[in-house]
Amino acid sequence: MLLSRRNYLLLSAAALAGSASCKSASALETPLPTARKSDVKLPDRNDFRLGDTVYLDAGSQHPISNMARASLEAYTDHRQTLAPDDDYSLNSDAAIEKFARLVNADPDEITFVQSTTTGEQMIIRSLGLPEKGAKVVTDTLHFFGSFPLYEELEKQGCDVTWVYAKDGRIDMADMDKAITPGTRLVSLSLVSTLNGFEHDLKAVCDLAHSRGALVYADIIHAAGCVPVDLHASGVDFACCASYKWLMGDFGLGFIYARRNAMKHLQRTNYGYYGISQFTSHVYPYDTPGDTVADYAFADDAAGWFALGTYSHTTVAMLNAALDLILDLGVETIQNHAIGLTTRLKEGLLSRGYNLITPPEATTPLVACAYEGARENLKEPMKKAGIVTTLSTNRFRPSVSIFNTEDDVDMFLETVGTA
């Protein structure tokens with residue numbers, strides 16, 4: 001059943017004065033988000049095979065749905081037999097079209113990519129970076145796996161400005177100071193893997209574009225769980241893998257390039273799947289020519305970024321997974337998550353934990369800074385049958401459409417007090 005919750009404000013600073021962890025004033029004064037009503041029934045336990053596991057780790061990898069598994073098995077049956085009368089169709093174009101609908105983009109602005117990191121680096125290279133003196137702005141809530149990328153750009157001559165987080169947020173005033181005229185690229189994670197903070201992507205893009213900069217967004221923690229409108233935001237480039245809230249698998253995701261932003265690209269990828277015209281001159285019966293082959297690349301995302309073969313098994317899964325997401329609607333999915341994450345935030349604060357997720361965040365991640373988190377919580381979580389993200393000094397439960405209030409309560413009972 002879809003969760004509804006009572007409205008409430010965070011506990012006052014006075015009530016928490018004796019807790020083991022300190023909270024910022026802004027964290028204590030900001031109301032938690034209120035879930036909206038919907039007729040769609042969640043949680044959805046029937047479409048997944050979690051058994052007794054309390055799975056609070058969709059932000060690391062999402063369980064495969066029964067529908068996605070059935071679609072995968074249809075594909076593997078086809079691959080096992082490859083019979084001449086087999087009429088199986090993978091329909092890769094459908095997966096692109098469904099994802100485009102999910103994030104409000106045109107299908108020809110999207111193509112497959114191996115991973116978010118692969119896509120981000122393809123975009124960086126296609127923009128002619130690194131280039132001595134080229135200014136790039138990023139922030140410390142961007143994916144930590146991208147930190148070395150921008151550190152290396154700086155070593156190779158780029159002028160890289162880091163915007164530092166304050167109270168778990170990136171302040172637009174700080175972005176305003178950092179994005180100066182002449183900035184080439186602003187790079188960010190729409191939703192931070194660290195703590196679930198969400199940028200106002202349109203505000204960032206409006207600011208960046210007014211100063212001549214392009215914007216790249218990592219949307220892996222947004223697509224499928226919070227509303228994403230790439231066209232309305234004005235973002236120039238975006239990437240995501242599919243194994244989180246898109247409910248796909250590792251090794252395949254999507255790369256987006258806004259049509260008007262493609263004019264800023266230079267060709268650094270020469271993939272077979274990006275070719276729109278091809279005539280060889282070296283094989284039997286070929287028409288003679290002055291070159292080995294004549295060819296052209298498509299003037300779309302595939303032409304710029306598509307390479308060779310990609311994971312057909314994940315395409316099969318995505319065709320079913322995206323159907324489920326589109327049928328439910330992302331606002332319904334988000335609404336369900338808000339009820340659960342609000343319960344988590346209230347419970348963790350009342351137990352004295354240092355919440356590093358902004359209280360007003362409407363994303364499905366909740367993170368706490370906790371020294372020795374993995375060492376102290378690994379065995380209790382395992383004993384309780386809970387799967388969640390435990391880092392050295394941080395824990396991060398994340399929810400999805402199958403989670404319940406009982407899951408949250410079990411987690412809170414297991415973490416105990418700080």
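Is arginine 259 buried or exposed, or does its relative accessibility put it in between? At 40%, arginine 259 counts as partly exposed (buried is under 20% relative accessible area, exposed over 50%, partly exposed in between, with a 1.4 Å probe and protein chains only).

A quick word on the basis: this is a predicted model, where local features need pLDDT of at least 70, side-chain atom pairs count only at pLDDT 80 or more, and totals for chains, interfaces and linings use all residues. Residues are numbered from 1 along each chain as its sequence is written, and side-chain values use heavy atoms, leaving out hydrogens and water.

Now the salt bridges (a side-chain nitrogen of Lys or Arg within 4 Å of a carboxyl oxygen of Asp or Glu). The count comes to 15, including these:

| Pair | N to O distance |
|---|---|
| glutamate 73 and arginine 69 | 3.1 Å |
| arginine 259 and glutamate 109 | 3.9 Å |
| glutamate 131 and arginine 184 | 3.2 Å |

Arginine 259 sits in a loop between two strands and glutamate 109 in a loop between a helix and a strand, so their pairing ties together parts 150 residues apart in sequence (helices, H or I, of at least four residues and strands, E, of at least two are DSSP runs, numbered from the N terminus). Glutamate 109 is buried, at 2%. Shared partners join Asp106, Asp108, Glu109 and Arg259 into one salt-bridge network.

Glutamate 73 and arginine 69, by contrast, both belong to helix H2 (residues 66-81), four residues apart. Glutamate 73 is partly exposed at 37%, and arginine 69 is partly exposed at 39%.
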